[in-house]
Amino acid sequence: MTRARVVWRPTAVLLLAVASLSCVLSPPRVSAAAGAEVAGGVARRNTERIAGSAGDVLEDNPIGRLKVYIYDLPSKYNKRIVTKDPRCLHHMFAAEIFMHRFLLSSAVRTLNPEEADWFYTPVYTTCDLTPAGLPLPFKSPRMMRSAIQFISNKWPFWNRTDGADHFFVVPHDFGACFHYQEEKATERGILPMLRRATLVQTFGQKNHVCLKEGSIIIPPYAPPQKMQAHLVPPETPRSIFVYFRGLFYDNGNDPEGGYYARGARASLWENFKNNPLFDISKDHPITYYEDMQRAVFCLCPLGWAPWSPRLVEAVVFGCIPVIIADDIVLPFADAIPWEEIGVFVDEEDVPKLDSILTSIPIENILRKQRLLANPSMKKAMLFPQPAQPRDAFHQILNGLARKLPHMQSVYLQPREKHLNWTAGPAGDLKPW
Amino acid sequence: MMKSLLPQSQLRRSAAAAARSSGGGAAGADGAMADGGGAGPRAPASSTFWFLLHALFCLISVFLGFRFSRLLFFLLFSTTALYHSTTSSSSAAVLRATTTTTTTTTTTTTTTNTFMLSFAAANNPPSGPANRTALEAADNKGAAASGNPQSHVVVGRHGIRIRPWPHPDPVEVMRAHRIMERVQEEQRRWYGVKEPRQVLVVTPTYSRAFQALHLTGLLHSLRNVPYPLTWIVVEAGGTTNATASMLARSGLTFVHIPFPDRMPHDWADRHATENRMRLHALRVIRERKMDGVVVFADDSNVHSMELFDEVQKVQWMGAVSVGILAHTGRADQLRLSEEDKQNMPLPVQGPACNSSGHLAGWHTFNSLPFSGKTATVVGEAAPVLPRGLEWAGFVLNSRMLWKEADGKPDWVKDLDAVGENGEEIENPLTLLNDPSSVEPLGNCGKKVLLWWLRVEARADSKFPQGWVIEPPLEVVVPAKRTPWPETTTELPSELLDDKQEQEDRRLSRANKSSRPRGTTKRKGDPQGQDN
């Protein structure tokens, strides 16, 4: 046992060193991000119309404001993976694939890397699926590292900035921490190679290792055609007060309970299973989408990770999302005023959820519904193919454009090096 | 959300046992092995050590099962580990465990409680070594397991918070219902009809046993209509006090019109009289220049609320689908062959559309199966059939009836020209010169918005006059023998007397001796009048 302890200490020290390094690096980005926050906030308050515009920042057109160069990686990093398992196009992590396809034919794409503001590396790290369809993250660090090695060897742009003007789409559970289990993910931390790059990810939680300053949080992929096919007339009266469908206990992985969702979902079930106002169950009905359109509130509690496609579904179907995930950072938080659209409930307040929801003043509820009815809200949450103006792809580009122009500190001085290419667990260093 | 991968990663990594329990139990150790493997260059000796440990783990779990194997493992190793690790981390670990337990009000299984208290470091499903590492690493950073200084979100097992009385509070339920009502009102305002028009409901009625029954039903339906409404009730044989008082109590705006003729007993004549009554009502609408949508609601029909939403869309004259409920009035069913049942069209009357959504014809009720068995006199115990096209399936724009109206189409006959010569008006299509201009409503007739039903009391039935039981009913079953099974509990005599008095007061009778037996109020009370 002593030997094990000796081994773990250097790792801890290393992690600490890397963490301190990222702290050193982050202050300039923190101020830039904070500046963007303030600017976004002012824009939001001034221009929000009562009829339900969710901030004119959503209406920005990124075309012409930035240029993206797409590295031409061999198809083993992208196309071949999808051909091997086309299920990747339909699961909630499909944003990485569709972002690539969108950028290939977008007007922001440039074929001249010298004039590019941002560099995109199309590597599909979330496409190694189990038979059940869940992505395995074990090869992802190696895949990413191999891709970065490829681009840094073939083009000079990575080494120019150590990746600070590159962005990656990492839609997995805990983003670039590349693990589905939270402790392991926090132990690993963000992949050392990606410490300077901008990450476009679905995971967002304040003060969490796996959320870097300056990351762009995106909604998970939800199939737009499927949702459009299940629309009911908007005059259908909303007769369900609270709606939720999903697991409360994960008997496979957490038999005793209390670990899954930090006990919040179990608490929901135990407190409200007998409450007629709460239509909650773990059965999945065929009319799931239709039922959401007949509900006033849709619960979006955390699961193993705080984010879920339920938020996207709630927004598209006009059901007020009730977000039960402490410290969560929601998609496009600098463009969308989530506090005014959804209801945030602390996990410790779950037993009082019925009191909280019934004591919201009716004007607030109606206002939230008006904001949700705004088509720009719904558009911003979706990844339609082909891409449409103001959809999630464009919001990602807006986010990237807001981070421009890059500061001078982004470009490395000669002999200045930030990334440690040998950092991380030994298993990651193996070639892919 | 990826936790189900643990067994699968197991299969991929080790050649260990395929049994699920051992697989689960070994997952923890294997996780440790993985992390241990990633920490740095490993000496071969340590990897064999881990392999032996893993094998030991498998053996234990084979014998003791998944959970107990972990328990044993922690018993064997975690105590030593606690002593070896820094004192601060162990106390921090214990502290953390206690904080998570105190937030629990109840947990689903009490065993987990004891787990938490005694095995501080062992709470997280990943095995001991990895867990301790996490704690140590966290401790080094001086923060909770999610890694960063300011985060208060702790990874690990949390208590399941259940409030002491996890049942709905009625006040909150009412508030929620009010919220939903308001939300639905707003929905109607946004997506529903922009300028709701008044609904003019024309109902022919006459005094008979079931009049109160039918009118009550219709009254309640109309009270729920969310649009301004005027109920035009035409009563054959002159207005009666009973109807007048019912209308007055209804809270609706009404027009009570007497019709001089009495209602005949013959069904065919009754239909004709009703048609004349409706025309009379239309003339009143025309005289008073009432503006709105005219709906023909017979008192025995059943209407859905969607009907009233749908009729707001009518331009001049619309048609809706009516479900025909022709019942036999007898216990035995119609004898239909299987083939007949297959080929029988739906008992729906209404507009038929062609593929482009325009009116192409009419669906009428197929009366063949009922041939020869229909009722001719009101109150006969035989099926009552509808006419070709019922008035109830049509709605009009009242401006169509006015003498002068903007935009009144020329395919509408003037009302004065209709029915004046004593001709019988079968259906509203005779009001038109060109019946093809009728608009099909309700998704081109696909939605049945109301149901036609003709239920009248049997001619030989004896219902109390005015639905008041006067004089009191005769006692049919003597008090000593109750129609329901004898119960053993007997009421004390004082209580019984009290009950009698209450009853008597309720029915306001002078004589105490007779007690009504068949009143519905006592139906659910098993202790009844058992003495």
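Modeller: What follows is a walk through chain A, then the sheets of chain B, then some backbone details. This is a predicted model, where local features need pLDDT of at least 70 and side-chain atom pairs count only at pLDDT 80 or more, while totals for chains, interfaces and linings use all residues. Residues are numbered from 1 along each chain as its sequence is written, chains are lettered from A and ligands numbered from 1 in the order in which they are written, and side-chain values use heavy atoms, with hydrogens and water left out.

Colleague: Chain A, then. How many helices and strands?

Modeller: There are 15 helices and 10 strands in chain A. Helices are DSSP runs of H or I with at least four residues, strands are runs of E with at least two, and both are numbered from the N terminus.

Colleague: And what share of chain A is buried?

Modeller: Of its 432 residues, 61% are buried. Buried means under 20% relative accessible area, exposed means over 50%, and partly exposed is in between, with a 1.4 Å probe and protein chains only. The accessible surface of chain A is about 16,400 Å², and carbon and sulfur atoms hold 57% of that (Shrake-Rupley method, 1.4 Å probe).

Colleague: At what angle do α3 and α15 of chain A cross?

Modeller: Roughly 80°, with the axes of α3 (residues 95-104) and α15 (residues 392-402) coming within 10 Å. That makes the two helices of chain A roughly perpendicular (65 to 115 degrees). Axes are lines fitted to C-alpha atoms, for helices over the stretch in contact, and angles run from 0 to 180 degrees between N-to-C directions.

Colleague: Which residues meet there?

Modeller: From α3(A), A:F98, A:M99, A:F102 and A:L103; from α15(A), A:F393, A:H394, A:I396 and A:L397 (contact means heavy atoms within 4.5 Å). By class, the residues of this contact are 7 nonpolar, 1 polar and no charged. Nonpolar here covers Ala, Val, Leu, Ile, Met, Phe, Trp, Tyr, Cys and Pro, charged covers Asp, Glu, Lys and Arg, and the others, Gly among them, are polar.

Colleague: What about A:L129, buried or exposed?

Modeller: A:L129 counts as buried, with 13% relative accessibility. It lies in the loop between β2 (118-120) and α4 (140-154) of chain A. Leaving out residues up to four places away in sequence, A:L129 touches residues including A:D85, A:R87 and A:H91. A:C88 is 41 residues apart from A:L129 along the chain, yet their C-alpha atoms are separated by 7.9 Å.

Colleague: Over to chain B. What is the strand order in the sheet of 7 strands?

Modeller: The order is β3-β2-β1-β4-β10-β6-β11 (chain B), in an open sheet with mixed pairing. Two strands pair if DSSP finds at least two bridges between them. At the edges, β3 (253-259) and β11 (439-440) of chain B each have a single partner strand, so one side of each lacks a neighbour in the sheet. Strand β2 (residues 229-236) of chain B runs parallel to β3(B), with 7 bridges joining them. One bridge pairs B:E235 with B:P258.

Colleague: Which helix lies across β1 and β2 of chain B at about 170° to β2(B)?

Modeller: That is α9 (residues 211-223) of chain B.

Colleague: And the sheet of 5 strands? What is its order?

Modeller: It is also an open sheet with mixed pairing, in the order β5-β12-β7-β8-β9 (chain B). Its edge strands are β5 (302-303) and β9 (359-363) of chain B. Strands β7 (residues 321-325) and β12 (residues 448-453) of chain B pair in the parallel sense over 5 bridges.

Colleague: Last topic, the backbone. Where are the cis peptide bonds in chain A?

Modeller: One joins A:Q385 and A:P386, with omega about 0°. Another runs from A:L404 to A:P405, with omega near -5°. A:P386 lies in the loop between α14 (375-380) and α15 of chain A, and A:P405 is in the segment after α15 of chain A.

Colleague: What is phi at B:N443?

Modeller: Phi is positive there, about 55°, although B:N443 is not a glycine. Most residues other than glycine have a negative phi. B:N443 lies in helix α14 (residues 442-445) of chain B and is exposed, with a relative accessible area of 53%.

How values were computed: Angles under 35 degrees count as roughly parallel, over 145 as roughly antiparallel, 65 to 115 as roughly perpendicular and the rest as oblique.
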